[in-house]
Amino acid sequence: MSVNSRIPGFYKLTPPERFKTIVERSGLSEGDLAGLAATDGKMLAIADRMAENVVGTLPIPLGVAANFTINGRDYLIPMATEEPSVVAAASNMASVARIHGGFHTSSDQPIMISQIQVVGAKDPQAARLRLYERRQDLLDLANEQDPLLVKLGGGAKDIEVRIVEAASKTYVVLHLIVDVRDAMGANAVNTMAEALAPLVEQITGARVRLRILSNKADRRLARVRATYDCQALGGPDVVDGIIDAYAFAAADPYRAATHNKGIMNGIIAVVLATGNDTRAVEAGAHCHAAAGGRYTSLSHYEKDDAGNLVGTLEVPMAVGLVGGATKTHPVAQAAVKLLGVQGAQELAEVIVAVGLAQNTGALRALSAEGIQKGHMSLHARNIAVAAGADGDEIEKVVSRLKDGGHVRLDKAQAVLAELRQSGG
Ligand code: NAD
């Protein structure tokens with residue numbers, strides 16, 4: 001049936017009223033759409049304040065990765081992901097990395113860039129220099145917008161002015177360089193950029209259009225290295241296999257996209273669990289992967305003198321502990337408490353450590369037994385549930401699927417039907 005999606009005032013309704021409205025509009029039953037309706041009233045009230053037109057919430061599995069030692073300190077790391085094997089692989093590789101001291105990290109100061117696009121400057125080169133001449137006025141005006149951030153040691157620190165030659169126009173682009181301390185910083189730097197616009201127009205004699213942060217957070221890199229014991233990984237051939245897999249990703253963007261996706265499996269799970277902006281981190285990471293002009297692997301692998309595998313990873317990491325959902329979402333608040341991190345830089349470093357562990361885990365599986373063995377046995381549980389298995393039936397279906405070697409929905413349905421017919 002066709003649906004009329006024009007619902008005046010939809011946003012003004014309460015979540016239960018919105019749910020009722022979409023049931024009516026969709027022509028489906030409440031039962032059909034029950035999965036969209038909220039079951040937790042308290043969480044629903046919070047969600048309704050976080051986003052728009054909310055009808056429910058989406059629970060995602062929240063696992064805790066074990067075995068992580070980072071800079072000599074142990075962490076229990078919350079990871080939110082719907083994908084099987086992710087938390088297991090990270091925990092597993094963390095236990096291998098532990099043998100040689102765990103993960104060692106470092107990170108840049110939390111510097112974000114806000115862009116101000118100037119359109120139609122008659123003298124772009126001279127306009128660029130006039131902006132530099134007014135550097136202090138621009139910084140002072142930016143810092144007036146966020147006295148708290150300045151008090152905490154952050155704030156606008158510098159400017160950089162670029163000329164961007166676009167298809168048919170030349171833009172003068174002012175970068176405001178801001179230390180955002182323990183914030184992700186998007187709102188903070190956007191506010192500053194908007195406040196600067198009239199002064200930038202006055203200085204350049206041209207019009208300002210965009211005033212927004214750049215998600216290319218390449219002054220805010222987090223780095224990690226770890227040594228993985230050769231024997232614990234499965235021996236020299238597995239180490240060589242991982243290095244071959246890495247070299248493949250370094251040379252081929254088709255492989256690099258999947259390689260980096262594996263890194264993001266770990267990174268995004270912690271970013272999400274801590275209420276941070278997953279899209280901002282994804283955008284920054286993939287942009288960084290192409291920083292050399294060609295998309296490539298974000299991580300590197302090499303061998304030490306003893307034949308152990310040494311993995312390294314460097315990624316922009318715009319995450320915070322204040323602002324956004326980190327302060328409003330109860331799961332994020334508990335996740336940050338569990339991590340026990342003292343600042344945004346420490347959180348960024350924990351996150352890249354998980355990214356590296358995840359990447360190594362995927363490459364190890366690919367180079368040794370193949371990814372499907374571990375992945376599929378966990379995936380089999382999802383398939384069994386999708387086929388309708390319940391309670392004891394789930395493990396029975398999983399075991400038969402694995403014995404049969406085909407982890408597919410049609411097989412699971414057939415196995416379940418057989419089980420039920422035989423009363424077992
Ligand atoms: P925010 O504005 O809620 O919090 C930052 C503010 O908190 C600072 O300006 C400061 O005044 C204050 N603060 C208090 N204690 C602080 C401390 N210890 N360190 C730093 N600041 C402290 O949030 P934000 O971090 O500026 O913005 C994050 C939000 O912006 C996220 O929800 C993100 O999704 C969203 N966002 C992202 C984009 C993008 O990535 N393109 C664009 C717009 C908005």
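**A close look at strand 6 and its sheet**

Modeller: Strand 4 and strand 6 are partners: nine bridges join them, and the pairing is antiparallel. Keep in mind that this is a predicted model. Ile113 stands opposite Ile177 in strand 6.

Now turn to the other partner. Strand 6 covers residues 170-179, and ten bridges join strand 5 to strand 6. These two strands also run antiparallel. Gly155 faces Asp179 in strand 6. Arg162 has Val173 of strand 6 as its bridge partner. How many residues does the hairpin use to join strand 5 to strand 6? The hairpin passes through four residues.

Four strands make up an open sheet, and their order is 5-6-4-7. The pairing in this sheet is antiparallel. Which strands stand at the edges? They are strand 5 (155-165) and strand 7 (207-214). Each has a single partner strand, so one side of each has no neighbour in the sheet. The strands are also turned against each other. Between neighbouring strands of this sheet the turn is 20 degrees on average, direction ignored.

Helices come next. Helix 5 (residues 135-144) packs on the sheet. Helix 5 touches strand 5 and strand 6. The direction of helix 5 makes about 120 degrees with that of strand 5. Then find helix 7, which is residues 186-204. Helix 7 lies across strand 4 (111-119), strand 5, strand 6 and strand 7. Helix 7 runs at about 155 degrees to strand 7.

Finally, step back to the whole chain. It has 17 helices and ten strands. Of its 424 residues, 47% count as buried. Its C-alpha trace spans about 85 × 70 × 45 Å along the principal axes. Look at contacts between residues at least 6 apart in sequence: 70% of them join residues at least 24 apart. The chain exposes about 20500 Å², and carbon and sulfur atoms supply 53% of that area.

Technical notes: Residues are numbered from 1 along each chain as its sequence is written. This is a predicted model: local features need pLDDT of at least 70, side-chain atom pairs count only at pLDDT 80 or more; totals for chains, interfaces and linings use all residues. Side-chain values use heavy atoms; hydrogens and water are left out. Buried means under 20% relative accessible area, exposed over 50%, partly exposed in between (1.4 Å probe, protein chains only). Contact means heavy atoms within 4.5 Å. Accessible areas come from the Shrake-Rupley method with a 1.4 Å probe; for residues, only the protein chains shown count as cover. Two strands pair if DSSP finds at least two bridges between them. Axes are lines fitted to C-alpha atoms, for helices over the stretch in contact, and angles run from 0 to 180 degrees between N-to-C directions.
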